[in-house]
Amino acid sequence: MFCISYSLLTRMPENSVGMRNCRNLRRTGRVATMCLLAIIFVLFPPPVSAAVTVIGNQSLGAAGEIDKNILARIFTGRAVQISGISVMPVNMNAGDPARSDFIRDILQQSDDDYISYWIVRRAIGRGTPPVELNTVGEMVDYVRSTPGAVGYIDTSQTVSGVKILLSLP
Amino acid sequence: MKRPGLWKQAVLCCFALIFAPNAHAVEYSVSGFGTVGGAISDNSTTMQRFINDKGTFSRDSLLGVQLDAKFNEKWSATTQVIVAPRVDEDTGVAPQLKWTLLSYRPSNDWLIRVGRLSLGGLLNQQNMDVGVSYDMARLPNEVYLLSSSYDFDGISLAKTWNASQFDITLDGSFGFQKRDLRSYGNGSQTQRYYSADVSGGALVLTVSDLDRTMYRLGWDMMYVKPVAAGGFLSKYTFTQLPGGLYTLGMPQYTSGAFFHSFFLGGRFPVGDFMVSSECTAVIPENVEPAPPSISAYVSLSYKWNKWTPYLTYAQMWTSGMDTWRKVQGATPIPQLGITQAAIDDAASLMAVYEQNSWMLGTSYAISPKQKLKAEAMLTHVGERSAMFDGPIAHENVMVYSLSYNFSF
């Protein structure tokens, strides 16, 4: 804006030294802004929201439709069966982006609130939290080999040998 | 005091672990929780067994360890032990068996548990030892003191109905326990513990969602039978003296008595605030030293990032103050053994409370498994409160508390 105003006031020719300095200044300003934005994004990265695919063991084929409400009840220990089929929920480790997205989507809770929920439920003898696994590979292997297992992976991952139950969001 | 029956439950659990049904792949997990907490008041009269102007770590500190065994989706077993100040004397710590139970869940809606259970109609009664699971530095003692359903050996049957986003659970239980009851004699300045066999049952209705909203309504009935051959004092008598005076007569005793407890509570969000409130009433049958009591609290908290400040008000009301005044006002006759100390002891035996408390505090969640808590509590005592070991009337007592709570 300054450069435009200056040129209007002085009516300098477009290819004059003043105008060239003005264009350099605008270019420098854009570069500085981009550097500042890059620093901000590095220090305060925006939350990564990933689509999550809910997978299940092939034994759940006869379980019928599984929606978010049923998943919420399974992962909070309030349901241990679907249509008479026993289910075994499995989580990724706390802090995993897919876990955070999954918990937020089906329970509308943060992972911290979910952990707190299970601390109480376990302490009052109402069950133990789902098994936690470290990697996507372990998750897929567990779901594939455990009857009734229900887990989730990032949608970008490709898997085989498991049943796709639901895609989130 | 040894409880030979206690560890039988642990043995039962071990057998369950070994001979579990369909235990083709048992999943074991160990967890635990604890609190390192200090409290100090501005009054030399001890309250809640430990808190006075000398400071204490005994009131709030404990360590709990829990072993869970999951045999399959229907069968599981749990045993929980805590190390905390003894419940049968005021000094020393001891391990206490809190839970040892076998769970059978035949379907989503039914849960059967057998063994040592901790049941109750208060919102946080079952998790009151797990400090990291709530934000208050200490659950209001005006309400939680009167809770009658501690850990007992028995059976619990729960049925759940799913209504949209809410679960409605009806929990019925029955069992036995050996409980240690404490009294403090203001005259002799000593505490006494006496054991009682308790049997009873409870019915609790809970409505909860997947978040923190919970409403609870409960009733329990207990029969308390002192182990001592003479039973416990049920009625004071008085002997008239010349000049309009009177003194204590020979009290009447009973071998046992029924206690009815009623609970009503709720916890729900109001905008960004969380409101929790509970009310409990304990109605003994024909036991003058334990007159009917009603207590309640209301608490408002606000979660701001990792901080959760709160403000709580709690109050107790007890009938029986007239009887207490009459006992305390008896004329001593030392020649007959009715000394002033004996009169003071007889009066302080009565569980009468005239007190209220304001609690201002905050928790800071270092992580979901670690919490720091700080609280300033102002307790006003009216004419008498059995929560204090000693004569205290029409006084305000400040208590400052700080604790570190964790789970693993």
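This is a predicted model: local features need pLDDT of at least 70, side-chain atom pairs count only at pLDDT 80 or more; totals for chains, interfaces and linings use all residues.

**Aromatic rings**

Modeller: Over all chains, the count comes to 14 aromatic pairs. Rings of Phe, Tyr and Trp (its six-membered ring) pair if their centres lie within 6.5 Å; planes under 30 degrees apart are stacked, over 60 edge-to-face, the rest tilted. One of them is Tyr117(A) with Trp118(A), edge-to-face at 5.7 Å centre to centre and 85° between the planes.

Colleague: Are Tyr117(A) and Trp118(A) buried or exposed?

Modeller: Both Tyr117(A) and Trp118(A) are buried (under 20% relative accessible area; exposed is over 50%, partly exposed in between, 1.4 Å probe, protein chains only).

Colleague: How is the pair of Tyr215(B) and Phe268(B) arranged?

Modeller: Tyr215(B) and Phe268(B) are stacked, with 6.0 Å centre to centre and 20° between the planes. They're 53 residues apart, Tyr215(B) in strand S10 (residues 214-226) and Phe268(B) in strand S15 (residues 257-270) of chain B. Strands here are DSSP runs (E, at least two residues), numbered from the N terminus.

Colleague: Why does Tyr215(B) count as partly exposed?

Modeller: Because its relative accessibility is 37%. Phe268(B) is partly exposed too, at 26%.

Colleague: Switching topic: which rings does Lys326(B) sit over?

Modeller: Lys326(B) lies over the face of Phe238(B), 4.7 Å from the ring centre. Its charged end also sits over the ring of Tyr246(B), 5.8 Å from the centre. That takes NZ of Lys or CZ of Arg within 6 Å of the ring centre and within 35 degrees of the ring normal.

Note on methods:
Residues are numbered from 1 along each chain as its sequence is written. Chains are lettered from A and ligands numbered from 1 in the order in which they are written. Side-chain values use heavy atoms; hydrogens and water are left out. Helices (H or I, at least four residues) and strands (E, at least two) are DSSP runs, numbered from the N terminus.
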